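Please look at the sequence and the structure before reading on.

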Amino acid sequence: MKDLNTIFDYTKITDFLADWIRQRPKGGFGQLSKFAKHLNISSVSMSYIMHGKRALSDEQAVELCSFLG
């Protein structure tokens with residue numbers, strides 16, 4: 001598994017998020033739902049974002065950065 005350095009080591013935000021999730025306890029179970037809740041979108045929409053079928057808006061990206069700290 002790739003070490004999680006910074007977001008700048010990635011070319012796609014979804015790759016960073018996938019690595020970040022994998023490194024959480026229990027393999028990140030439930031993290032997509034937490035992201036979705038924080039962004040006030042459905043879990044399905046968050047899944048679409050993670051699979052490249054939709055993109056994060058600029059506002060959502062800022063909110064997600066806030067969530068991740």
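Of the 13 residues in the largest nonpolar core, which touch the most other members? They are Leu 17, Phe 35, Met 46 and Leu 64. The elements that each contribute two or more residues to this core are H1, H2 and H3, and H1 supplies the largest share, 4 residues. The model is predicted, and the points below are grouped by topic.

**The core and its surroundings**

- In general, nonpolar side chains in soluble globular proteins tend to be buried together.
- Leaving out residues up to four places away in sequence, Phe 35 touches Leu 17, Trp 20, Ile 21, Met 46, Leu 64, Phe 67 and Leu 68.

**Helix H1**

**Thr 14 and Ile 49**

- Thr 14 belongs to helix H1, which covers residues 13-22, while Ile 49 belongs to helix H3, which covers residues 43-50.
- Thr 14 has a relative accessible area of 15%; the cut-off for a buried residue is under 20%, and Thr 14 is therefore counted as buried.
- Ile 49 is also buried, because its relative accessible area is 5% and the limit is under 20%.
- Although Ile 49 and Thr 14 are 35 residues apart along the chain, their C-alpha atoms are separated by 7.6 Å.
- Apart from neighbours within four places in sequence, Thr 14 is in contact with Ile 49 and Met 50.
- With neighbours within four places again set aside, Ile 49 is in contact with Thr 14, Ile 41, Arg 54, Ala 55 and Leu 56.

**The packing of H2 and H4**

- Two packed helices are described by the angle between their axes and by the distance between those axes.
- For H2 and H4, the angle is about 120 degrees and the axes lie 10 Å apart.
- An angle of 65 to 115 degrees would count as roughly perpendicular and one over 145 as roughly antiparallel; H2 and H4 are therefore oblique to each other.
- H2 passes H4 in a right-handed crossing.
- From H2, the residues Gln 31, Lys 34, Phe 35, His 38 and Leu 39 meet Gln 60, Glu 63, Leu 64, Phe 67 and Leu 68 of H4.
- The residues of this contact divide into 5 nonpolar, 3 polar and 2 charged.

Key:
Residues are numbered from 1 along each chain as its sequence is written. This is a predicted model: local features need pLDDT of at least 70, side-chain atom pairs count only at pLDDT 80 or more; totals for chains, interfaces and linings use all residues. Side-chain values use heavy atoms; hydrogens and water are left out. Buried means under 20% relative accessible area, exposed over 50%, partly exposed in between (1.4 Å probe, protein chains only). Contact means heavy atoms within 4.5 Å. Axes are lines fitted to C-alpha atoms, for helices over the stretch in contact, and angles run from 0 to 180 degrees between N-to-C directions. Angles under 35 degrees count as roughly parallel, over 145 as roughly antiparallel, 65 to 115 as roughly perpendicular and the rest as oblique. A crossing is left-handed if the near helix is turned anticlockwise from the far one by less than a right angle, and right-handed if clockwise. Ala, Val, Leu, Ile, Met, Phe, Trp, Tyr, Cys and Pro count as nonpolar, Asp, Glu, Lys and Arg as charged, and the others, Gly among them, as polar. A nonpolar core is a set of buried Ala, Val, Leu, Ile, Met, Phe, Trp, Tyr and Cys residues joined through side-chain atoms within 4.5 Å.
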